[in-house]
Amino acid sequence: MASSPSFLLLVALLALVSWQAVASDPGPLQDFCVADMQSPVRVNGFVCKNPMEVNADDFFKAAALDKPRVTNKVGSNVTLINVMQIAGLNTLGISIARINYAPLGQNPPHTHPRATEILTVLEGTLYVGFVTSNLPAPARNKFFSKVLNKGDVFVFPVGLIHFQFNPNPHQPAVAIAALSSQNPGAITIANAVFGSDPPISDDVLAKAFQVEKNTIDWLQAQFWENNHN
């Protein structure tokens with residue numbers, strides 16, 4: 001039976017609406033969208049400041065990333081420059097961080113839920129690595145690691161647990177990282193699991209880590225310091 005013209009028209013219209021619903025622009029629709037931090041409107045990111053009110057300072061920060069930072073008890077300090085520091089980064093999908101490492105210091109295992117990271121060593125040596133997700137064997141939780149020297153570059157794929165460690169007991173190290181998000185986020189694994197507020201049940205964690213509950217209680221009693229500025 002031949003389809004009626006009205007039915008064919010309906011199918012064509014539905015196809016057109018569906019295409020428009022899933023279509024997206026591959027890039028920004030304007031030169032910039034400087035974040036308007038004062039706007040009460042809540043969106044995924046920030047609404048745009050009136051372009052007539054934008055000036056050069058919206059794209060600038062005297063961040064002193066060339067200066068050393070004081071490290072914390074895990075032996076690192078991460079100075080992140082994201083959209084909260086430079087409003088002009090809004091919608092541009094990039095941020096930057098300087099990481100200082102004390103001798104034998106580390107940026108402990110963590111993940112960036114919204115960004116891939118590319119890191120370059122400016123001074124010293126770093127032992128770095130990341131672990132894949134729960135893929136089917138044999139790729140499940142595969143560990144990739146490398147020793148980096150000054151000038152070397154390493155990539156940490158988006159969302160995967162990774163770390164950096166300075167193996168030198170006498171010399172500090174410095175790295176710069178670029179991240180593919182204006183707000184990459186950071187989840188430090190130990191802090192999130194053992195330092196959550198309120199605490200995760202020790203029954204849950206003891207079962208998950210296959211240890212005694214008193215071990216979990218001891219870990220939860222520690223002070224889990226944040227190394228991100």
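Author: An open sheet of five strands, paired in antiparallel fashion, has the order β6-β5-β8-β3-β10; strands are DSSP runs of E with at least two residues, helices are runs of H or I with at least four, and both are numbered from the N terminus, while two strands pair if DSSP finds at least two bridges between them. This is a predicted model, in which local features need pLDDT of at least 70, side-chain atom pairs count only at pLDDT 80 or more, and totals for chains, interfaces and linings use all residues. Residues are numbered from 1 along each chain as its sequence is written, and side-chain values use heavy atoms, with hydrogens and water left out.

Reader: Which residue in β8 is the bridge partner of V131?

Author: Strand β5 (residues 126–131) runs antiparallel to strand β8 (residues 161–165), and five bridges join them. In β8, the bridge partner of V131 is I161.

Reader: What volume does the largest cavity have, and which residues are the closest to its centre?

Author: On a 1 Å grid over the protein atoms alone, a cavity is a set of points where a 1.4 Å probe fits but cannot get out, and lining residues have an atom within 4 Å of a point; grid points are joined across faces, edges and corners, and a volume is the space filled by probe spheres set on the points. The structure holds two cavities of 30 Å³ or more, and the largest has a volume of about 80 Å³. Of the 14 residues in its lining, the closest to the centre are V78, A97, H112, L179 and H228.

Reader: How many nonpolar residues are in the lining of the largest cavity?

Author: The elements that give two or more residues to this lining are β1 (76–81), β2 (95–101), β3 (106–111) and β9 (173–179). Ala, Val, Leu, Ile, Met, Phe, Trp, Tyr, Cys and Pro count as nonpolar, Asp, Glu, Lys and Arg as charged, and the others, Gly among them, as polar. The lining has five polar residues, one charged residue and, in answer to the question, a nonpolar count of eight.

Reader: Where does the second largest pocket lie, and why?

Author: A pocket is an open set of grid points with protein on both sides within 12 Å along at least five of seven lines, and this one holds about 150 Å³ of space. Its lining includes K73, Q106, F223 and W224, and the elements that give two or more residues to the lining are β3 and α2 (189–194). Domain bounds come from an automatic or database domain assignment. Both domains give residues to the lining, so the pocket lies between domain 1 (24–185) and domain 2 (188–228).
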